[in-house]
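Subject: Structure for your review

Dear colleague,

Please find the structure below, handed over for your records. My notes on its charged side-chain contacts follow.

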Amino acid sequence: MDDEFGAGYSRVLSSSLSLAGVGGRTADEALAAGVNPRDVWLAMCDVQDVPAERRLGRDIKPTRH
């Protein structure tokens, strides 16, 4: 969420925005109740109109070992 919304705003969203996709709970409430984090993220994306191409997060190049 921080990558998409910024650190401060993501905290506001997670604690105050009701998400229909997880039973009308906030993200914080849903996670505390054991809802899969991916389901919470997708519910947040739906409410905030995050485009499909950004729902997987930013690309991180793999490191070579």
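In this predicted model, the side chains of R54 and E4 form a salt bridge, with an N to O distance of 2.6 Å; the term denotes a side-chain nitrogen of Lys or Arg within 4 Å of a carboxyl oxygen of Asp or Glu. E4 belongs to helix α1 (residues 2-5) and R54 to the segment after α4 (37-48), so the pair ties together parts that are 50 residues apart in sequence. Helices are DSSP runs of H or I with at least four residues, numbered from the N terminus. R54 is partly exposed at 42% relative accessibility, and E4 is partly exposed at 22%. Here, buried means under 20% relative accessible area, exposed over 50%, and partly exposed in between, for a 1.4 Å probe and protein chains only.

The structure contains three salt bridges. Another of them joins the side chains of D2 and R11, at 2.6 Å from N to O. D2 is partly exposed, its relative accessible area being 34%.

D46 also pairs with R55 in a salt bridge, where the closest N and O atoms are 2.8 Å apart. D46 is partly exposed at 47% relative accessibility, and R55 is partly exposed with a relative accessible area of 22%.

Residues are numbered from 1 along each chain as its sequence is written, and side-chain values use heavy atoms, with hydrogens and water left out. Local features need pLDDT of at least 70 and side-chain atom pairs count only at pLDDT 80 or more, while totals for chains, interfaces and linings use all residues.

Yours sincerely

Key
Helices (H or I, at least four residues) and strands (E, at least two) are DSSP runs, numbered from the N terminus.
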